[in-house]
Amino acid sequence: MSKNESLNIVGKPFRKVDARAKCVGQTKFADDIVLPRMLYCKILRSHLPHANIKRIDASKALALPGVFAVITGKDLPIPYGILPVSQDEHALCIDKVRFIGDPVAAVAAIDEDVAFDAMNLIEVEYEPLNTISSIEEGVMVDEPRIHDYGDSGNIHKKVSLEFGEVEVGFAEADLVREDVFFYEGNTHLPMEQHAAVAHYDSDKKITLWSSTQTPHYVHRALAKVLEIPASHIRVIATPNGGGFGGKSDPFNHEVVVCKLAMITGRPVKVTLTREEVFYCHRGRHPVLMKIKTGVKKDGAITGMHFQSFLDGGAYGSYGVASTFYTGALQTVTYNVPRYQFDGVRVFTNKPPCGPKRGHGTPQPRFGLEIQIDKIAEQLKLDPVAIRRNHLVEPNSTTANYLRIGSMGLGKCIDKVVEGSDWKSKFSGWDQSNRKLPFGKGIGIACSSYICGAGLPIYWNNMPQSGVQLRLDRQGGVCVMCGSTDIGQGSDSILAYIVAEILGIDPFDIRVVTADTDLTPVDLGSYSSRVTLMTGNAAIQAAERARELLVMAVSEKLGVPIENLSLAERRVFDVENPDTGVSFAEAVVLAESKFGTIGTVGSYTPPRSPGKYKGSGVGPSPAYSYSAAVAEVDVDPDTGIVVVERVWIAHDIGKSINPMLVMGQVEGSVYMALGETLMEEMTYRANRNVVHKFPSMLEYKSPTTLEMCDVKTYLIEDPDPNGPYGAKEVGQGPLLPVPPAVANAVYDAVGVRIDEVPITPEKVLKALREKSRGRDGRYGPVSVPNVDWPEPLRVLTPAEGGDGKEMPRIAVHS
Amino acid sequence: MKQKAHITFRLNGEQTEVAFAPHKTLLEVLREDLNLTGTKHGCELGECGTCTVLVDGKSILSCLMLGLEAEGREVKTIEGMAEGAELHPLQQTFADLGAAQCGYCSPGFLLVAEELLKNNPKPSRAEIQEALSGNLCRCTGYIKIYEAVELAAAKMRGEEYELPREAVYGLE
């Protein structure tokens with residue numbers, strides 16, 4: 001790997017390669033695509049949360065002038081879903097609807113108005129069914145079943161894993177605490193509504209342009225559902241106008257426009273309304289949590305038993321992975337020698353939940369970091385020290401077999417503690433001796449996130465990311481990769497890395513991405529995998545091209561290969577820099593010697609040491625770390641919490657572009673602030689499970705006036721698995737913010753809000769309780785009684801385990 | 001056959017004629033009948049600020065204005081912000097500082113910022129926040145947007161302005 005000190009491009013704050021186009025209105029998003037003879041699609045959605053479909057009559061819609069086709073579930077009978085284990089969706093519901101917004105029929109018409117009128121002429125007769133509307137109901141009520149698969153009744157998935165014996169850990173502990181937390185669901189709210197355009201050509205090939213983060217998975221789903229060869233389907237992901245995980249599933253509207261294009265022989269476009277985007281959802285799971293943790297007097301954890309209960313909504317989506325993620329990363333920050341995880345996901349009659357920034361990990365991190373604060377108070381320990389003193393070692397393996405590489409959390413903690421002037425602000429646990437006035441408070445929390453899922457979504461032995469480079473005799477360089485730019489800058493990362501290695505300018509490079517016909521597979525923009533995986537693939541492809549160039553130039557100039565350097569669009573002798581050729585001449589020499597110059601690179605993550613069932617979720621080539629301190633102002637009369645400032649330090653490994661890293665950190669803090677204080681996907685408390693506010697006005701998200709000041713520190717502790725040592729930043733910095741704010745609220749006014757969002761009502765209720773001499777706390781008090789399976793037992797690495805589960809002993813008579 | 005309305009107005013400095021279904025919003029007329037897709041939509045209900053354009057120099061939500069109301073007015077969209085091939089200073093700084101991440105809200109922010117700087121060449125951070133408070137951005141946390149507005153404002157005033165190092169590299 002190149003030496004960091006001699007880098008010309010990597011580490012510098014170049015603008016993004018697509019930045020100017022976005023600032024002049026030239027970037028083509030999916031809804032900006034218009035094709036000749038294009039029809040418009042509208043999708044009729046269920047207005048009932050749970051019902052059997054008795055009859056659909058589209059005759060009136062079909063009779064409307066300007067209508068070209070109406071399709072229903074029977075036209076697309078094959079199910080699909082993002083995970084192989086949850087192929088539970090149909091593009092249009094066949095026999096029943098499972099939530100308000102479930103698609104039932106679709107129209108293609110001459111324009112959007114006619115399509116809308118036709119949609120309203122479709123008659124659907126429903127037979128309403130009882131609904132399942134909460135985690136408790138999902139656990140307790142078996143009938144009616146929302147799906148005819150899953151672990152039982154309305155329980156989609158139930159897991160139990162035990163690493164070492166937690167009871168032994170609790171027996172060794174000086175203090176054992178049990179706490180219950182709740183993290184409300186919330187949604188991505190990308191500014192761009194999902195849109196897609198399908199074109200069916202005269203050779204019976206389909207092209208789909210779509211605002212998707214995962215064109216490869218959409219490609220696979222289309223081949224399955226449309227029953228045409230994948231080689232006849234081309235999926236082009238248009239630049240995403242925000243994703244955050246919300247455009248990571250194959251969606252019904254994508255399938256529907258393809259089918260309508262095939263039927264009508266004309267291009268078909270669909271653009272969802274904002275209300276429909278709320279129903280697409282796939283956002284943060286509401287999670288109820290119970291955490292039992294044993295600690296020694298110094299705060300060292302002896303054992304942890306973590307239980308999570310997920311409200312999955314109406315379909316599987318990424319839910320099985322989400323469930324495991326609520327239990328996977330508790331072990332990677334502080335040393336947890338013995339660990340048990342029980343997780344259950346239920347189906348409910350709500351829009352399906354899935355991956356949102358941090359996928360399944362902000363919820364447990366919220367509970368864990370508040371509980372650590374409570375433990376610190378009980379043991380009269382400093383909340384900084386209890387964290388700082390028990391960090392996981394770099395280059396170690398956790399109890400659940402996650403392989404940790406670089407680990408910069410200690411430095412992160414030091415930075416935010418120093419930067420926030422923590423010591424002169426935090427009052428300790430003695431409220432009688434406050435340093436900040438009552439109402440002002442400060443809190444800390446830490447976190448970690450994966451840099452790419454170690455395993456692909458479907459099992460295979462192929463690379464997770466591929467990059468192809470083409471160099472032409474004019475000196476042009478084209479980099480092709482299946483990755484999808486959702487605003488995070490993944491196209492630019494490819495250009496920076498290739499430019500670094502070939503010694504050219506990033507803006508010399510043509511970047512072609514996210515086109516299943518033209519670009520090698522990259523699995524998509526999810527799990528914070530893109531910089532690490534495409535970066536490594538790009539390095540390999542560019543190093544291979546560099547080798548061809550220097551061989552040809554060496555021969556021409558008579559300079560040894562090892563003396564040649566590539567920089568400033570030249571290939572030259574480092575000992576005699578005037579001796580050299582231009583980059584374009586070097587390509588001509590190489591093309592003359594070797595023929596057309598094209599190289600490839602690919603990346604496959606290292607194998608995980610965990611071999612037990614369920615070990616597929618959590619392993620990653622590297623883990624990023626973050627620490628945050630939040631300073632808040634709480635008005636005890638209104639309960640309003642204002643987050644004034646967040647100090648955040650993020651262990652990025654190495655910034656490929658620090659300016660883009662800063663943008664991801666600030667954006668993560670912003671999104672966290674919304675989840676912490678105001679954002680919630682909630683439903684009316686009756687049997688109808690109607691979304692309370694599927695609009696941008698009432699679904700409150702932070703404006704410029706609510707956004708806090710952010711003080712950012714980038715910690716560079718290069719990871720051997722990252723390109724130039726780089727780790728992720730797109731998701732991890734969200735994680736420490738919600739618990740840091742909750743801990744700061746406690747410091748400010750002495751009440752514990754053990755759920756998000758931390759609304760004024762909750763703060764006031766807790767303050768009233770406290771003023772009446774009761775527990776100044778707002779949050780859940782119990783969890784449903786789940787019939788957990790016998791845990792799968794795994795010896796920890798410290799116990800000499802081999803990563804496999806122990807043979808099950810029949811314990812039930 | 002639908003009856004189309006027919007208007008003339010100045011669009012990005014050019015005299016423009018357009019025919020469209022009379023119930024269409026200005027947003028729809030711009031995108032669908034004039035192919036100016038740089039103006040985006042996030043809600044089409046006046047909630048997000050994404051579809052902002054300037055009408056007679058004032059920022060308005062084009063999803064809440066009928067196309068018919070543009071008759072005889074001066075409309076500016078993101079496509080008309082640059083002077084020929086020369087980007088507006090705001091467009092330059094938004095691009096250079098990473099104020100456009102996904103870029104979907106950027107046209108609206110840019111036009112509101114242009115209006116702000118016309119009226120107030122040296123806005124404070126609080127004045128920038130107030131002026132941009134009707135526009136939602138889900139990517140940036142707004143911070144890079146503030147910095148881009150401040151840098152562009154300084155450039156437009158002809159002042160030397162060094163962006164704080166910490167804005168790009170973080171604090172030491």
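The questions below concern helices and a sheet. This is a predicted model, in which local features need pLDDT of at least 70, side-chain atom pairs count only at pLDDT 80 or more, and totals for chains, interfaces and linings use all residues. Residues are numbered from 1 along each chain as its sequence is written, while chains are lettered from A and ligands numbered from 1 in the order in which they are written.

Q: Why are α15(A) and α16(A) called roughly perpendicular to each other?
A: Helix α15 (residues 530-557) of chain A and helix α16 (residues 583-594) of chain A pack at an angle of about 95°. Angles of 65 to 115 degrees count as roughly perpendicular, and the two helices are therefore described in that way.

Q: What makes α6(A) largely enclosed by the rest of the structure?
A: A residue is buried if 20 or more other C-beta atoms lie within 10 Å of its own, with C-beta atoms placed from the backbone. Nine of the twelve residues of α6(A) are buried, so the helix is largely enclosed. Among them are A:Tyr217 and A:Leu222. The cover includes β10 (206-210), β11 (233-237) and α7 (252-264) of chain A.

Q: Why do β3 and β11 of chain A stand at the edges?
A: The open sheet has seven strands in the order β3-β5-β1-β12-β9-β10-β11 (chain A). Two strands pair if DSSP finds at least two bridges between them. β3 (67-72) and β11 each have a single partner strand, so one side of each is left without a neighbour in the sheet.

Q: How many bridges join β9 to β12 of chain A?
A: Four bridges join strand β9 (residues 195-200) to strand β12 (residues 268-271), and these strands of chain A run antiparallel.

Notes:
Axes fitted to C-alpha atoms, helices over the stretch in contact; angles between N-to-C directions. Parallel < 35°, antiparallel > 145°, perpendicular 65-115°, else oblique. Contact = placed C-beta atoms within 7 Å.
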